[in-house]
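Thanks for coming, everyone. I'll take you through one model, piece by piece. Please have a look at it first.

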Amino acid sequence: MLEACVFATILCGFFGIVLKQNLVMKIISMDVMSTGVVAYYVLIASRNGLFTPILSDVNRGAYADPVPQAVILTAIVIGFSIQALMLVGVMKLARDNPTLESSEIEKGNTP
Amino acid sequence: MNIITIAWIVLPFFLGFVIYLCPRFDRSLALVTSLASAAYAVLLFTQPIPVALQLLDHFGVTLIADSLSGFFILTNALVTMAVLFYCWQSGKSAFFYAQATILHGSVNAAFVCSDFISLYVALEVLSIAAFLLIAYPRTDRSIWVALRYLFVSNTAMLFYLVGAVLVYQTHHSFSFAGLQDAPIEAVALLFLGLLVKGGIFVSGLWLPLTHSESETPVSALLSGVVVKAGVYPLLRCALVLEEFDPIVRLFGVGTALLGVGYAVFEKDTKRMLAFHTVSQLGFILAAPVVGGFYALTHGLVKSALFLIAGALPSRNFKELQHRPIHTPIWIALVMASFSISGFPMLSGFGAKVLTMKSLAPWQPMAMNLAALGTAISFAKFIFLPHKSQESASVKPGFWAAVILLIGGLLIANVVYFEAYTLANIAKPLAIIGLGWVAYFAIFRRTTVKLPRVLEEFDHLIGVMSLMLILLFWMVWA
């Protein structure tokens, strides 16, 4: 069930990228898609247990797999920096293309 | 050797940030990194066994450096060096050199990775650095082209990440070998990411616009090495796991034909070169065992061609027919064109012969067709008018860069000098001759303009879903 929701999020994001016209909306759709991917990593990490994997004297039972969590932390940072970079690019484009419609920008900028 | 490997991977990133701190030494520091890579590649060729590193545990970072990566690293070193020579006097800011150094470092890292997550990190750092380099002129067009590049590659990498975690789920390890009995959807998702990143087949159609609209040195970097960061893992997968070898070969053939099909009708120099990058990547994939050497020759020749195309008086072939180019430039252009068409004396010949030898039985027909297409489209360059009196107006570093690259092409002949037999020499000559005849008979006059629908942004993203289905079906079958 949870897995289906996660995939639905990824697909929603993907279709958003294709169907939305506005460049900012496209970037937000990409963010939705990456949220789905992050959720999927968290889901897989918690297959065998739910507790935070922190070393301590008390045994609290099955803990979550730390590897996917560590990996996705890297991916979140990368994704966030890429989005920041893209938004800066969009800001620059917005001066000459105030509507930010990707098809219009594309028409104006392809030889 | 392990310590040297790690130091060599870290060096470009370290120096890249040092360049920000001491902008006065920007060019020399960037040159040091590329020299270090060249030295490391030579060191790799002398190693009897591949360098394999496993940091942390089975789920940690794994690196493998052997002669295949050696070829790719050497390509990276030489192309970066040539681009630095080209830009030496151009007054580019320290920012440009810092990004070029970081790009160099991330491409290097991608060439030794042997697990999916280190590869992911390397590819993402590479896209950020490439984005900044493409957008360096700060014009609207360059920003749009860069944004489009980053968008397409980041979307593909999201699919890739899902594939990576599925591999982890089956094996509790991210290494390439884990692909063995991973679920089919994992393979399809990972391959989709790599195909888009490497500019292969229909999903690689973002490449022509990106490579043709960037500045000359940046196009040379992108076409020469950056796309190969996506191709190398595919080769590695095909070599590690037998069952993916046919899929990779099939994509090789498909992309070789697709690229050439577009290139023969192209009327713009830089776009034609970019389409040829697509097609030559197909040659690299068509025979994974010998892909490294082909990648080296292609990297050298394509960056040389992009640098030379930047020195031509126009980008339009029609106009170039009426505007003679300076003879020395023409000679360099013809040498590079001959190498890429597979003419003896230059290492493009050895690479082509080696590739043709390692093909599967069903491939040669299609690859010969692609080679014919290459000869046809480069006839457009070879038969341009030239004149010696014309005053040369090239950038100061131009000749240093082009001589380095073409010299590299000549020296690389030693890798496979056994290729020089009569039968081997006759075949490319026949193909080139046939190509020239076809050029004069048909393609010189045609004015077919192929539609560019598939290169539109929305379609690039949409095609990813179709490719995913295709890949799924291919792995399943």
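One definition before anything else. Helices are DSSP runs of H or I with at least four residues, strands are runs of E with at least two, and both are numbered from the N terminus. Now the ground rules. This is a predicted model: local features need pLDDT of at least 70, side-chain atom pairs count only at pLDDT 80 or more, and totals for chains, interfaces and linings use all residues. Residues are numbered from 1 along each chain as its sequence is written, chains are lettered from A and ligands numbered from 1 in the order in which they are written, and side-chain values use heavy atoms, with hydrogens and water left out.

A cavity is a set of points, on a 1 Å grid over the protein atoms alone, where a 1.4 Å probe fits but cannot get out; lining residues have an atom within 4 Å of a point. Points are joined across faces, edges and corners, and the volume is the space filled by probe spheres set on them. The count is 2 cavities of 30 Å³ or more.

Take the second largest cavity. It holds about 50 Å³. Which helix gives the most to its lining? Helix 13 of chain B, with 4 residues. Helix 13 (291–311), helix 15 (327–341) and helix 16 (347–357) of chain B each supply at least two. The lining splits into 3 nonpolar, 5 polar and 1 charged. Here Ala, Val, Leu, Ile, Met, Phe, Trp, Tyr, Cys and Pro count as nonpolar, Asp, Glu, Lys and Arg as charged, and the others, Gly among them, as polar.

The largest cavity has a volume of about 60 Å³. Its lining residues include Y149(B), K197(B), W206(B) and H211(B). Helix 5, helix 9 (216–226) and helix 10 (228–240) of chain B each give two or more residues to this lining. The division here is 8 nonpolar, 2 polar and 1 charged.

K352(B) is one of the residues lining the second largest cavity. The charged end of K352(B) also sits over the ring of F283(B), 5.0 Å from the ring centre. That label needs NZ of Lys or CZ of Arg within 6 Å of the ring centre and within 35 degrees of the ring normal. K92(B) lies over the face of F96(B), at 5.2 Å from the ring centre.

On to rings. Rings of Phe, Tyr and Trp (its six-membered ring) pair if their centres lie within 6.5 Å; planes under 30 degrees apart are stacked, over 60 edge-to-face, and the rest tilted. Over all chains there are 35 aromatic pairs. F96(B) and Y136(B) are edge-to-face, 5.1 Å centre to centre, with 65° between the planes. Why does this pair tie together parts 40 residues apart in sequence? Because F96(B) lies in helix 4 (residues 94–112) of chain B, and Y136(B) in the loop between helix 5 (116–134) and helix 6 (140–171) of chain B. F96(B) is buried at 2% relative accessible area, and Y136(B) is buried at 18%. Buried means under 20% relative accessible area, exposed over 50%, partly exposed in between (1.4 Å probe, protein chains only).

Y120(B) and Y160(B) are stacked: 6.4 Å centre to centre, 15° between the planes. Y120(B) is in helix 5 and Y160(B) in helix 6 of chain B, 40 residues apart. Both are buried.

Terms used: On a 1 Å grid over the protein atoms alone, a cavity is a set of points where a 1.4 Å probe fits but cannot get out, and a pocket is an open set with protein on both sides within 12 Å along at least five of seven lines; lining residues have an atom within 4 Å of a point.
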